[in-house]
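Subject: Handover of a structure

Dear colleague,

Please find below the structure that I am handing over to you. The findings follow directly after it.

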Amino acid sequence: MAGLDFSILPQQLVNGLLLGSIYALIALGYTMVYGVLRLINFAHGEVFMLGSYAALFTSWALGFSPESVKGIDKASSPMNLIIMLVVSMVVCGLIGVVIEQLAYRPMRNQARIASLITAIGVSLFIQYAGGLFLPQSPPPAISEQINPFRNEKVTFTIKPAPKEAVDKANVAMAKARESDVLYEKAKLDGRPAAQLETMRQANQEAQNEASSLQTQVSSQTSGIVIPFGQLGMLLTTVFLMLLLWFVVQKTKTGRAMRAVAHDFDSAALMGINVGRVVTVTFMIGSALAGAGAMMYATVLRTPLTPFLGVAPGVKAFVAAVLGGIGNIPGAVFGGVLMGVVETLVVWLDGLIPGLGGYKDAVAFVVLIAVLLFRPGGLLGSSKVEKV
Amino acid sequence: MLLATAALVLGLAGGCTPPSGTTGGTTASTTAGSTSGDPGTTPGTKRPDPTSDGATIGETINIGLVASQSGEQKPWGDDNIKGSQMAVDEVNKAGGINGKQIKLLVGDSQSAPEQGKSAALKLIADGIVGLLGEVASGITQQMAQVSKDAGIPIVAIGATRTDLADIGSNFFRVCYNDDFQGAVMAKFAWDYLKLKEVALMTDAKLPYSVGLSNSFRTSYEALGGKIVGEEKYQTTETQFSGYLSNLKAKNPAGVFLSGYFTQVGPIVSQMRQAGITVPVMGGDGWDSSDLITSGGEAIVGGFFCNHYNSKETRPEVQKFLADWKTKYGGEPGTTMGALGYDGAKLMIDAIKRAMDKGGTKSRDITAAIEDTENFPGVSGTITLKGFAGNPSKSALIVKVTKTGFVFEKSYTPEELK
Amino acid sequence: MRIVSILLACGFAFGLDTVVSQQFQSLYRLVVLAGLYITLAVSLNLINGITGQFSIGHAAFYMVGAYSAGFISKTFYAGQVSPQVWMVGMAILGALFAAIAGFIVGLPSLRLRGDYLAIVTLGFGEILRIVTQNIEPIGGAYGMNVKPFGSPPQTLWLAWILAVLCIAVCRNLLKTAHGLPFLAVREDEVASSAMGVNTSSTKVTAFIVGSAFAGGAGAILAHAESFISPDMFKMDVSFIILTMVVLGGTGSITGSVLAAVALFAIPEWLRNLQDPVTKVPIQIPGPALVASILAVVMTVALLKLAQDRYHGERVKKIGLLLGAIFAGSVAQMVLNLALSQIPSLAAKSFEAAALRMVIFAATLIILMLLRPQGMMAQHEFSWAWVARVFGKKEKVAA
């Protein structure tokens, strides 16, 4: 069935926005570090990965390990989520500072490319050391039961499904429930096998009908469904970004960060403790990645491996460059743009089958196109060197 | 510069030492380069025989195993190694094969085909008489080619891609192949679940997934069903909402997910969130206790095709699970534990039969493996004789519940005709 | 002198082949790969080190060469000419296709600087890889089989001759007047442009030549391995080649050669580390490993302190050096004892082979911290240096 389905476009755009908010959080870390140090922190993706694992271990400590939840429904509270978020952010902030002190600070006066190689080394080291110590076979995932809001969603209906369809679905669902009850009772009654099989088939058909009509109603409803968890993710991201903006623009530390980003040596001459500013920058950037990581692991419930940070890391990095590396609003803009573009490419797969496989490439194509016209990124400055 | 180049060219021509045994240009070049899931071995096609006799059985019997000890496939690789090692230890404790101890030499394929080939070559150089592995079809293909060149029999553990058996007559599996699995699930979807229209979710990066989806499609359409759409994702992805919105618009009555549990869990979870409530099914790539953790409530009620089920009463299954618990604690994370065990046991059994007949070389072991009939494996009764490398086995379909997998239905090869 | 060098290099390749064929049959593949990596590192050095362009997507050219040559071999070869001649032809073809790719990548370099150029080169590599992954006729995500070509000795010859050729070309560029524009662009692009150097053509030429050699190496790879897949040309490969260049000393060809061999050999050596007697892979217990990591961190920090603080004072430096190593060893033993008390850690043990990537990464970090300018910095091996060494000896004797 070729052809673009425009009724799902609003949902796809929202999907892209949600995906983009994760990229934005990671991209902020890249851009901030680049701003002060002119260094591409290749290890940032690994900090993200460690943040996910921190969230996982916290969820186990809070009583939601796989063994504890097996077969039972455990109640959770929003407090659990907040604890996990805080722990992830703190752990990532600390790791970021440690990396900066041990690996980047000594390289401050060396050629930039040397720092780059060190960053690559740190990235590889964390990946493979994690491969030795972190649980990964099979890749563990955070239990969904820790999220008390997992079944809630927010729905914005643009055009509801036709009434007959909804009614038909409701009737079918009621029939299915009845049929199920009858079948279970028949099983317990110990009816003969042949009769049981006929009943099972009838029940199966009733269930199929119900679920099929239900899905159809859902697809006929033109609107946007945002699961609570993802909405929470978006709101937290916005909140953190506003907080960051406030810190950078309105506080003394933020002013120092901006000064160092503008001109490292002059800032030092003006009496700013550049060492401390760099450390604080790393801490904040890594903490943001930690927040993203916690949400990635808890809301999206991705199975975790030590190589988890590689793909989002690269995408977020591209996002940061896209927006103009060193530019904080740029990173947010770039991240969201990347998420939306990626999702739209998948949507376009309906028109050009197979296009979906190229979605990662499209991100880079967009990047190169942007850089050719605006070498400093979308929101960055395109300074031309004049003699 | 010209003079230099001339010197170099002369050097090249002059320095060519006479080619060793394996010349370039293998006669039986495989067509396995294409990923468009070939329908399978054409009956009657002769599988090429290895020219070499292979290694000689020494005082210690060296069996090689190539598995992924690192990389994306690590979960299956680790279980594979544990299962095979358990089999070897068990036999050694009971006195080995005719008094000779067995040594399991493990090589790391790093989840990559060229590394698997390299690891296999090294093990062959170390003097193995038989090779086990791998779990992924892509990696196994490279291993199969070098083992054919060296005359060493290879027993694949989890590689289900149908055309692998065409590489050489030294290739065997302990798992069923994709043609079979796809046909089983198609029949299940059509006959048992009464689904008339199904959508597919395929992992485009996995030859296994691509092959299984194609096989399902062929069988399902042959039964009269309709495939309303196929969405392709890549193994390391985590956000599937884009694909799912597309899928929903096609109004499927059911969805077949041919990928690994690592993605299937999140996909189904996101699927339910997106409002797709129809039944879901899959292949043996779903098998892992972790599926329930990552899929949560969403995956409960799903069906997939498996090799064995831990609640089965068959003595082989119970003994295997008890031994595993004693040796490693808990249960195997994936089916590769049982398949690894079966593969090793099968190889050992064949070596014993070969030695009993007076055989001393890998060629004799290959013949013995080919002769295998009704081997009682944990993953089912395995008969290889006359089946050109693909064992005739039953498939078990299990249903996912909150606490584990329960048996739903089984299909024998005869039932599918 | 130049002829002598080249003949010596040929002799070396011949000797290498003889030694390997006699003693270490299983090492053939590794030696071929080492030769290919040398070509890759030196060709990247031409772009990065000599011309000063920031290119970190070199694996893309490697891939173009491999896939183009591999595809043509797979489709068209039917024994028309002897395998050796065909392979040489394919290498040239791979180089040509890669050169085209290099030209395309070189164009953005005219407008972009530094980090932005780096991203674009990286992006280009990824785009090519993803596109290849999606094209079914050349194998798609799974990969493509190329008929095995030529016996191992022949591929070894070809790989190492390409390496020699690459070194020769780059060295000639560096040491003669041809190379001056490249060096000028590296030092100061604006000034050299003002002096009349055609910076555009210089930069693009660097990309074309560098990518051509990488493409040739790729073609050889396809035929030597007889299987290529997009996963073999991921970003990691580009980073490893870049690391070889930087570790050896950006701008030093000798450095690139040495670093390429070293960085390639170390993981392979670690992979095969076995107890010489029992042939069992060496196991390292958990506490010892963690203790070693922490101790190494401490030692390196102290070493760096020694290096920075006592820059000219040799004696103090060596003193602190020895002190650091001693302190590190003590720390390792103490920590080992302490950590052994944790039962979950004490129960874990690791095979040496599994540690090899960790050790590789750690070595990288340590080398960068302690010698950021790379092994050879900007120096080169030259006959003049040899003469000086021997000349000096004579002087002393007299």
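A salt bridge here is a side-chain nitrogen of Lys or Arg within 4 Å of a carboxyl oxygen of Asp or Glu. By that rule, the count between chain A and chain B is one salt bridge. Please keep in mind throughout that this is a predicted model.

**The contact between the chains**

The pair in question is B:E237 and A:K359, whose closest N and O atoms are 2.8 Å apart. These two residues also belong to a network of salt bridges that links A:K315, A:E342, A:K359, A:D360 and B:E237.

Across the interface of chain A and chain B, 15 residue pairs are in polar contact. On the side of chain A that touches chain B, the elements giving two or more residues are α1 (9-37), α7 (193-220), β2 (222-227) and α13 (328-348) of chain A. The most comes from α7(A), with 13 residues. Sorted by class, that side of chain A has 15 nonpolar, 22 polar and twelve charged residues.

In total, the contact takes 49 residues from chain A and 44 residues from chain B. The area buried between the two chains is about 4000 Å², and carbon and sulfur atoms give 51% of it. A:P138, A:T215 and A:R301 supply 12% of the area that chain A buries against chain B, more than any other three residues.

A:T302 lies in the loop between α11 (274-298) and α12 (310-323) of chain A. This residue has a relative accessible area of 3%, and it counts as buried because that value is under 20%. Leaving aside residues up to four places away in sequence, A:T302 touches A:P140, A:A141, A:Y296, A:A297, A:L308 and, from the other chain, B:T238. A polar atom of the A:T302 side chain lies 3.2 Å from the backbone oxygen of A:Y296.

**Chain B as a whole**

Chain B has twelve helices and 14 strands. Of its 417 residues, 63% count as buried. Chain B exposes about 13800 Å², and carbon and sulfur atoms supply 55% of that area. Among contacts in chain B between residues at least 6 apart in sequence, 69% join residues at least 24 apart.

Over all chains, the structure holds 29 salt bridges. Three of those within chain B are described here.

In one of them, the side chains of B:D53 and B:R363 meet at 2.5 Å, N to O. The pair links distant parts of the chain, 310 residues apart: B:D53 is in the loop between α1 (2-14) and β1 (61-67) of chain B, and B:R363 is in helix α12 (residues 362-370) of chain B. B:D53 counts as partly exposed, at 36% relative accessibility, and B:R363 is likewise partly exposed, at 35%.

Another salt bridge joins B:K345 and B:E90, with the closest N and O atoms 3.0 Å apart. Because B:K345 lies in helix α11 (residues 336-356) and B:E90 in helix α2 (residues 74-93) of chain B, the pair ties together parts that are 255 residues apart in sequence. B:K345 has a relative accessible area of 22% and is partly exposed; B:E90, at 24%, also counts as partly exposed.

A further salt bridge is formed by B:D191 and B:K187, at 3.1 Å, N to O. Both residues lie in helix α5 (residues 178-192) of chain B, four residues apart, about one turn of the helix. B:D191 is partly exposed, with a relative accessible area of 31%.

**Backbone details in chain B**

A cis peptide bond joins B:G133 and B:E134, with omega about 5 degrees. B:E134 lies in the loop between β3 (130-132) and α4 (137-150) of chain B.

B:N98 is not a glycine, yet its phi is positive, at about 50 degrees. Its place is in the loop between α2 and β2 (102-108) of chain B, and B:N98 is partly exposed, with a relative accessible area of 43%. B:K194, also not a glycine, has a positive phi of about 55 degrees. B:K194 is found in the loop between α5 and β6 (197-203) of chain B.

With kind regards

Conventions
Residues are numbered from 1 along each chain as its sequence is written. Chains are lettered from A and ligands numbered from 1 in the order in which they are written. This is a predicted model: local features need pLDDT of at least 70, side-chain atom pairs count only at pLDDT 80 or more; totals for chains, interfaces and linings use all residues. Side-chain values use heavy atoms; hydrogens and water are left out. Buried means under 20% relative accessible area, exposed over 50%, partly exposed in between (1.4 Å probe, protein chains only). Contact means heavy atoms within 4.5 Å. Accessible areas come from the Shrake-Rupley method with a 1.4 Å probe; for residues, only the protein chains shown count as cover. Buried area is the accessible area (1.4 Å probe) that two parts lose on being put together, summed over both. A polar contact is a pair of N or O atoms within 3.5 Å; within protein, one must be able to donate a hydrogen and the other to accept it, and residues adjacent in sequence count only if both atoms are side-chain atoms. Ala, Val, Leu, Ile, Met, Phe, Trp, Tyr, Cys and Pro count as nonpolar, Asp, Glu, Lys and Arg as charged, and the others, Gly among them, as polar.
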